[in-house]
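Here is a short report on one structure. It covers a chain interface and a helix pair.

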Amino acid sequence: MGATELHFLDVRELGELLRRREVSAVEVVQAFLARIEALDAKLGAFITVTADASLAAARRADAELARGKVRGPLHGIPFAVKDALWTKGIRTTNGSRLFGGFVPDRDATAVARMRAAGAILLGKLNMMELGFGPTREPPFGVPRNPWDLARTPGGSSSGSAAAVAAGLVPVSLGADTGGSIRLPASFCGVLGLKPTWGRVSRFGLMGICERFESAGPLAATAADCALALRAIAGYDPRDRQTSRRPVSDYAAVLGTGVQGVRIGVVRELMESAVVEPRVREAVEAALVLLERAGANVERVSIPLIAFSSEIYTAIAEPQAAAHYRRYLLERPSDIDVLPRRRLLTASLVPASLAARVAGLAGRLRAQVDEALAHVDILAAPTTPSAATPVRSAAAVGSAEDEWTTAVAGRSLLTNPFNVTGHPALSVPCGFMAENLPVGLQLIGRPFREEDVLRVADVYQSLAGWHGRRPPL
Amino acid sequence: MSAGLTPEQVESLAAAIGLTITADDLAEVTVRLNATLESLTALDRRENIGVESAAPAPRGGRRTVPGTSALPS
């Protein structure tokens, strides 16, 4: 099989080729490294590529396969991770000059578990600085959308989505605090999953708000995300807030259909004035397909969800400001102007006001749980629009600037489920006129990731959007 | 209703907690802080009325005891 044919095989297909010894792990890694070499200069998806270490790991993987040792479905599969996740001996920048020289002495748990499953790390992926929203002058290059290089891939897990969409890596790990896996997944036409809070260890994740963030997989298919999630999920004594619930075999429920599944479309999100009509149409069309497959679709109302951004702001922003206070004091000029202004603003919000608004998080969570007592899955658009243009540093301005406001508003549809902790994924549900993808967001009950993956899998089998390739 | 803080007031607030805001950042931080305070205050006024139970929110989420609004009826 030619190198160019390997790039868009999914994890299951690649794994089968490897286990049948029709292709070696070294050949697979070489093919992906060559594609990164050919394309990443214009995509900006990677900050660090670990070619030598990757090939060494591939040789070890081949040696194990030759001895008959198969670690699992990820054995020999290349992956890459957002540069917010620690990687032993490999620079981990968190997208910032603040950490340009930081080299962890251990892997993040999610990374270690992928390696233990036999996956092969190719490198570290570009991201918005500190995972904290748009960056005016990204220190490690401007990441671009494979569908249109003049557009952003979104963020903050920018490279995690762009790399999968461009066939630079079949699966990646991102991190999501307010939408940072789902939003770029929507913009780049891939599937991205934010697990239930506490399902995946945050040890080694350089985050901004521990109550909201989670590492999670991005891939072309629900099946591939299921495989990656199974590898990384589970209790971790180094993150004692992780759940001790058994980890499901998420891939086992795929293919069981959606007959009788009740899907509740969140009225306040679907009918939000920020959602472009054509995005709404794409989501409606996706729901019609699911209805034809046997799902029952209805509207549900979650009144407080319209104010989730305020609740999110009241909790996440002061935590981020506290987290980075030392750097605001000692190295403010090493923080890009946009996250720096956001951190300064958050530092000045009165704690008593923030705490009162933050107290509404429990009420929002209860309303989402109430809705999920009547339906199995919630649905909404992932993003209000398709990917927006990359703006030059000179053009990015103030909160009164339309672009910044639009960017700040992108997470309106995703951050409610960080506040509540429910699992949520984005699956591609169509393309806008400019050949730009958008996503359908599916939200499940706590620790029921298999439910959203199952519905996404059925939808993908019906719609086939994941078969499209960007014009690179 | 805007919180109406002036850049000078924002600069003083920041100094009170040891932070220095450059002239380049001050105007923008002032705009953002006023907007943030306005939105949080509006939500607080809308949702946090009445006497609240110290117990966890019941199913449905409402914690306020009906008929005990702190606002004039």
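The notes below take the interface, then the helix packing.

## Basis

This is a predicted model: local features need pLDDT of at least 70, side-chain atom pairs count only at pLDDT 80 or more, and totals for chains, interfaces and linings use all residues. Residues are numbered from 1 along each chain as its sequence is written, chains are lettered from A and ligands numbered from 1 in the order in which they are written, and side-chain values use heavy atoms, with hydrogens and water left out.

## Interface of chains A and B

Chain A puts 34 residues in contact with 33 of chain B (heavy atoms within 4.5 Å). Together the chains bury about 2900 Å², 63% of it on carbon and sulfur atoms (accessible area, 1.4 Å probe, lost on being put together and summed over both parts). A:R341, A:L348 and A:R363 supply 24% of the area that chain A buries against chain B, more than any other three residues.

There are 3 salt bridges between the chains (a Lys or Arg side-chain nitrogen within 4 Å of an Asp or Glu carboxyl oxygen). B:D44 and A:R356 meet in a salt bridge through their side chains, at 2.9 Å, N to O.

## Helix packing in chain A

Helix α10 (residues 277–292) and helix α18 (residues 449–463) of chain A have axes that come within 10 Å and cross at roughly 100°. That makes α10(A) roughly perpendicular to α18(A) (65 to 115 degrees). A:A286, A:L289 and A:L290 of α10(A) meet A:V455, A:V458, A:Y459, A:L462 and A:A463 of α18(A).

Terms used
Buried area = accessible area lost by both parts, 1.4 Å probe. Axes fitted to C-alpha atoms, helices over the stretch in contact; angles between N-to-C directions. Helix = DSSP H or I, 4+ residues; strand = E, 2+ residues; numbered from the N terminus. Parallel < 35°, antiparallel > 145°, perpendicular 65-115°, else oblique.
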